[in-house]
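Let's take a friendly walk through a protein structure. Have the sequence and the 3D view ready as you read.

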Amino acid sequence: MKNILAVGFGGMAGSLLRMAVFQFAGAGLGLWLVNIVGSFAIGIAAARLAKRSAETRLFVSTGLIGSFTSFSAFSADWFRLLETSLITGIIYAFGMTAASIAAAALGLLAGRKGRWND
Amino acid sequence: MISVAVFGFFGAVARYLCYMAVENRARQPKLATWFVNSLGSLIIGACIGAELPAASGVFGFLGAFTTFSTMALDCVKDVEDGRWKQGILYISATLVCGLLLFAVGYSIASM
């Protein structure tokens, strides 16, 4: 039950943050921002929170960051772009995926190198 | 605002329950991420096809139910462990299934 609440409240905070970014940057650019920033953050969290309690990891990684980023909106945007231009759609999908994977890798490296939390 | 918070709560919890269900059976959390992203894409396709208003709670639920960051991190871990093929297969399967299922949901709902 504690785990479920940790995920749920993390998801609540992550969703509100995502909505704030969308209102600030617009839904199109906003999705790039949340997915890249969120992937970087989950890399840091994976490196820094390994020894923390299960609730902490569930709140931060599964709840907060997992809900801050979104895949369903990505599928929707990708589909719409493909309808207008095949090339643009493919570049969009590969671009966001590659950028997020690179961000997660950098976050993992940064989290392992940093000593600001021990 | 309240709707985003409430549906975000339940979207995240639903995703977590999917992780639990898969982990108990297969010890492969990536399968759960693939599953929530595929199912979420199918449902959002149907919602957009049915022209549900953007403010309806289901979009808030799906935004939290699906995830991009976990997918990216899973792929990095695969590559780090030398499982290049598995990582590429996982990402490709997620992208292709997401797109196809979105199209299926969209077509059915807008018929």
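A residue counts as buried when its relative accessible area is under 20%, as exposed when it is over 50%, and as partly exposed in between, using a 1.4 Å probe and protein chains only. By that rule Thr66(B) is buried, because its relative accessible area is 0%. You are looking at a predicted model, in which local features need pLDDT of at least 70, side-chain atom pairs count only at pLDDT 80 or more, and totals for chains, interfaces and linings use all residues. Residues are numbered from 1 along each chain as its sequence is written, chains are lettered from A and ligands numbered from 1 in the order in which they are written, and side-chain values use heavy atoms, leaving out hydrogens and water.

**Chain A as a whole**

- Chain A has 5 helices and 0 strands; helices (H or I, at least four residues) and strands (E, at least two) are DSSP runs, numbered from the N terminus.
- Along the sequence, the pattern of chain A reads α-α-α-α-α.
- The C-alpha atoms of chain A fill a box of roughly 50 × 30 × 25 Å along the principal axes.
- Of its 118 residues, 42% count as buried.

**Two helices that pack in chain A**

- Helix α2 (residues 27-48) of chain A packs against helix α5 (residues 86-113) of chain A at an angle of about 30 degrees, and their axes are 7 Å apart.
- This makes α2(A) roughly parallel to α5(A), since angles under 35 degrees count as roughly parallel, over 145 as roughly antiparallel, 65 to 115 as roughly perpendicular and the rest as oblique.
- Axes here are lines fitted to C-alpha atoms, for helices over the stretch in contact, with angles running from 0 to 180 degrees between N-to-C directions.

**The annotated positions in chain A**

- An unreviewed UniProt entry lists Gly66(A) and Thr69(A) under "binding site"; such annotations may be inferred rather than shown by experiment.
- Gly66(A) sits in helix α3 (residues 54-68) of chain A, and Gly66(A) is buried at 0% relative accessible area.
- Thr69(A) belongs to the loop between α3 and α4 (72-84) of chain A, and Thr69(A) is also buried, at 0% relative accessibility.
- The backbone oxygen of Gly66(A) is 3.4 Å from a polar atom of the Thr69(A) side chain.
- Beyond its neighbours within four places in sequence, Thr69(A) is in contact (heavy atoms within 4.5 Å) with residues including Arg18(A), Asn35(A), Gly63(B) and Thr66(B).

**The annotated positions in chain B**

- For chain B, UniProt (unreviewed entry) places "binding site" at Gly63(B) and Thr66(B).
- Gly63(B) is part of helix α3 (residues 57-65) of chain B, and Gly63(B) counts as buried at 3% relative accessibility.
- Thr66(B) lies in the loop between α3 and α4 (69-80) of chain B.
- The Thr66(B) side chain makes a polar contact with the Ser70(A) side chain at 3.4 Å; a polar contact is a pair of N or O atoms within 3.5 Å, where within protein one must be able to donate a hydrogen and the other to accept it, and residues adjacent in sequence count only if both atoms are side-chain atoms.

**Asn37(B), a partner of Thr66(B)**

- Asn37(B) is one of the residues in contact with Thr66(B), and Asn37(B) sits in helix α2 (residues 29-49) of chain B.
- Asn37(B) counts as buried, at 0% relative accessibility.
- The side chain of Asn37(B) reaches the backbone nitrogen of Thr67(B) at 2.9 Å.
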